[in-house]
Amino acid sequence: MSGSDLFTGTLDLLILRTLSVGALHGYGIGKAIRSTSQGVLDVEEGALYPALHRLDRKGLVCSEWGKTETGRRARFYRLTEGGRRELEMEARRWSEYSDAVKAVLSASERGSA
Amino acid sequence: MRYRRDVPPGGGGDGDGRDEVSEEIRFYLEERARELEDGGMSPEDARREARRAFGDVDEVAAEVRRIDRKGRWGKTMKTWFHAVSRDARYGLRGLRRNPAFTVVAVLTLGLGIGAVTAIFSVVNASLLRALPFDEAEELVFLQGAYDAPDGPAVRGASPPEARDWEEMSRSFSEVAVANGTSFTLTGDGPAEVVPAERVGQGYFDLLRVDAALGRTFTEEEYREPGTHFVALVSHDLWRRRFGSDPDVVGRRIDLGGQPWTVVGVLPPGFHGTTLNADLVVPMATLGEEALSSRGSRFLAVVARLAPGVDVEQARADMDRVAARLEAEHPENHEDRIALVTPARDVYLGSTRTLMLVILGAAGLLLLITAANIVNLLLVRATAREGEVVMRRALGAGRARLLSQFVTESLVLSAMGAAVGLVFGVWGARALAETMPAALLPAFVEVRPDAVVFLAVTGVMALVGLVAGLAPGLTAARKDVSETLRSAGRGGGSGRPSLQGAVVVAEVALALLLLVGAGLMTRSFRAQLAVSPGYDFEELYGFQLFFSGERYESEEIPAALAEILARLEARPEVAEATVMSDIPLRGGFSATYMWRGDATADEDRIRFYLHRVGPEWFDVMGTSVLRGRPIESADTEAEAQVAVISQALADRFYPNEDPVGKTIFLATRDDGGHTVVGIAEDVRYRDLTTDIRGGGDDPDVYVPWQRFPSRGVGIVLRPRAGDPAGLEKVARRVVGDFDALLALTGTGPLSDDLRAQTAQARFGTVLLAGFGVLAVILSAVGLYGVLAFTVARRTREIAVRMAVGAEAGEVRRLVLGQGMRLALFGVVLGLVAAFLASRSLEAFLYGVSPVDVATYGVVAALMVVVAVVATWIPAVRATRVDPQHALTVE
């Protein structure tokens, strides 16, 4: 996986994860990602929008216009069935990957010991 | 996050993406700035920082728009596809949950589509497909006919007559003669009777046909009588009998004991104008004598209309020619006319009207099916109104609901079409096999018509769509609360008047069909009831021809006597007799006779002469009503006696006893014949013409020895068992006597009778089948409407019962409604039947198209069916539990 692939993959995954709890508008998603990643994934915030729209096109999320509690107009995004499944698959893949990495690291540690 | 749905900027739908994207980003920036402000920044700094953290706004916006543009189409397609398959699955589930509705709807669709497709395929094939001749539209047949009181009777043309027609007429570019016959082919295999056609000069040119192998006939072969025994074989015969031998040209074959030479093979699919000839020979082979007899009418004449001439002009022309011939040859051409009939009508004409009637019946069935589908869907849609409204309240879009209904409707149509396809294919095949040959000429190939199937399915799908959508549309538009309330009350919309009207129409149509079927059935039974005047169930008959090459005229009686003796000597045969022609088996011609010494024209009657052997009346089972039959003594002596038919006695001798009187049968000076008896009328030519009323000419019987001829018929009565079993015996005896004597026209006499009624039988069975289907469908429709009404008026019924109405009263209420609909339909149907009955007149025998008994019986039947159909909903209505109905919801 190249750097950017890894990156976009990560961003997509984060978006899906964020939406798995409930529908959000674009700003809300961005805020949630910033807070949960604690600033580690510091990225051009605008990159969020192409990612969101791509996911929408792929059918992993769907969107519609609504009014916030304060009465402002915003576009709200929601996870679709397909998105949910994708999330599970990705989460599994990540955990398998990190297990593999962990195994390698611990093995090499032991090996080198 | 909770939010309330809103309309996107720009109005909705796809809108202007530009606005959406800008607004979305603007929202983000504003919120981000506010966040920073809360963190302590100044509004201006916050805004700037938000912008900076975002990145290049314009670039992002452009990219997002790019993505949107690309994705919009794909996403729409995908969503649409998912929506449709989801709807389809949902629809299927719904259909599965209501098995009764589904089965009824699918069967109704299937039956309707299948029946109509099958019928249309067959009718299409027989009415519209091309004749197997080039430029067949220009071909006409010149039919020699006798101008009888109740219409022209086609009898054929004589060779000199045909020549005169060709010379004297001005309307035809080509004329040729043909005559159907058969030969016994021996050698190269077992003896086989092969249908054949004798043809005159110009025949092949006229039909635009040439030999596929070898050649057709030369001028000498056409012109020199009794000299050139050459033949053309059909492609089938060549393949079958001669193994497609490439050297068949020039080969000698044996026809009727005579050597003939094959000069060519005909192209595949060509079987002459008789449509089943396997051999074609020159007319000249018949010999000089046959070809110069002006009174011998046995030829068919085919012609091509000259360019610019139409059938009407040709008819006028031929009227002129016939008149001229009558003037020039009064003894042979009196009352003789020439009909000009387009080839299409000759081959298919007799069937056209019946086909159209059948087509009409199929159309009615289609209407009834459509009506039933409409009703079924209306009922179901109304039943689901509550569900629809609920879903709308929960946020389902109107478009989504409609598309769901559409998909359901299409699924139903697809299932119905599948069933219909099976029925249609099977039905077309079954019809083609059971159709009598007269209705479906040999060259017509019946294929289940794909176009018709698709058209019918399309119509049904459309009907289903409209019927399924209509309630959906109104339900979607209605105010939610009002509909919920009324649905809860057990009410709801549903346009009962529309459904009622549909059912009334269904009942009317079904009645129409049933009346047609009833009339046809009565007509058919009347035909069957006609006594043909002889024991057709118990006799077997065949025909022999003693050809001039092998038998001198004087040898024939002895040969016949020997054959008869040998036949009667067989244990299987009880009795045998000989005759000039077998009833219903053709070979007739009429001439004139006179009563007493009269010379006036009123004393002249046209009649059919039958020469019969001894014991004929016994063997045939024909009763002699007065006097005595022809006896053996008559055939020995030169006694000139005759037995006349009842019809003749009524006409010639209305007030006197004919026995003992003299009649003159041929010329004036043969001394006349003494009438010795009166026989019951025998049906020689058809079953339905009114013999006694003068619709056909009567018959006279004379002893066999008078006016002998070469063609004879022999009839056998078996000692026991099925007359068909005598076939083997007959062939054996004749074959032993003379291996080259061909038997033709063999078969039990009952076969001829069945062939006569075949058309009527077919039409009757078909119409009856339609009638039954129609009744079932309309009964289902009636039941559906009433069940729905009861469901809709549950509350009202409950109130009535709570207030003290008896079960009987409730039942009567429902029954009353149902019977009102049914009776309305019956009356409408009777009126329609009365108006439409004219079209059936041509087919009805022995029953008037406005036969009260039939109408009455059919109406009563429909009423009974209606009562049965309404009974169940009526009973259900009485089971309404007032308490339950009033407290629920």
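Predicted model: local features only at pLDDT ≥ 70, side-chain atom pairs only at ≥ 80, totals over all residues.
Val233(B) stands opposite Leu279(B), a residue of strand E10 in chain B. On bookkeeping, residues are numbered from 1 along each chain as its sequence is written, chains are lettered from A and ligands numbered from 1 in the order in which they are written, and side-chain values use heavy atoms, with hydrogens and water left out.

- Helices (H or I, at least four residues) and strands (E, at least two) are DSSP runs, numbered from the N terminus.
- Two strands pair if DSSP finds at least two bridges between them.
- Strand E7 (residues 230-233) runs antiparallel to E10(B), and 2 bridges join them.
- Strand E5 (residues 192-199) of chain B pairs with E10(B) too, in the parallel sense and over 4 bridges; here Val199(B) has Pro282(B) as its bridge partner.
- What covers the story of the two faces of E10(B), buried or exposed residues? Leu279(B) and Val281(B) on one side are buried, and so are Val280(B) and Pro282(B) on the other.
- Buried means under 20% relative accessible area, exposed over 50%, and partly exposed in between (1.4 Å probe, protein chains only).
- In a regular strand the side chains alternate between the two faces of the sheet.

- Chain A has 4 helices and 3 strands, arranged along the sequence as α-β-α-α-β-β-α.
- Of the 113 residues in chain A, 38% are buried.
- The two chains touch through 32 residues of chain A and 31 residues of chain B, where contact means heavy atoms within 4.5 Å.
- Together the chains bury about 3300 Å², with 53% of it on carbon and sulfur atoms.
- Tyr27(A), Arg57(A) and Trp65(A) supply 25% of the area that chain A buries against chain B, more than any other three residues.
- Buried area is the accessible area (1.4 Å probe) that two parts lose on being put together, summed over both.
- An open sheet of 4 strands includes strands from both chains, in the order E1(A)-E3(A)-E2(A)-E1(B), with antiparallel pairing.
- Strand E1 (24-25) of chain A and strand E1 (4-5) of chain B stand at the edges with a single partner strand each, so one side of each has no neighbour in the sheet.
- Strand E2 (residues 61-67) of chain A pairs with E1(B) over 2 bridges, and Lys67(A) has Arg4(B) as its bridge partner.

**Salt bridges**

- A salt bridge is a side-chain nitrogen of Lys or Arg within 4 Å of a carboxyl oxygen of Asp or Glu.
- How many does the rule find over all chains? The count comes to 39, and across the interface of chain A and chain B it finds 6.
- Arg75(A) and Glu20(B) form a salt bridge, with their closest N and O atoms 2.8 Å apart.
- Arg304(B) and Glu174(B) make another, with the closest N and O atoms 3.9 Å apart.
- Because Arg304(B) lies in strand E11 (residues 300-305) and Glu174(B) in strand E4 (residues 172-186), that pair ties together parts 130 residues apart in sequence.
- Arg304(B) is buried, at 1% relative accessible area, while Glu174(B) is partly exposed at 22%.
- Both also belong to a network of salt bridges that links Glu135(B), Glu138(B), Glu174(B), Arg208(B) and Arg304(B).
- Asp317(B) and Arg320(B) meet in a salt bridge (2.5 Å, N to O), and they sit 3 residues apart in helix H10 (residues 311-328), about one turn of the helix.
- Asp317(B) counts as buried at 7% relative accessibility, and Arg320(B) as partly exposed at 29%.

- Asp247(B) lies in the loop between helix H8 (235-242) and strand E8 (252-255) of chain B, and at 59% relative accessibility Asp247(B) counts as exposed.
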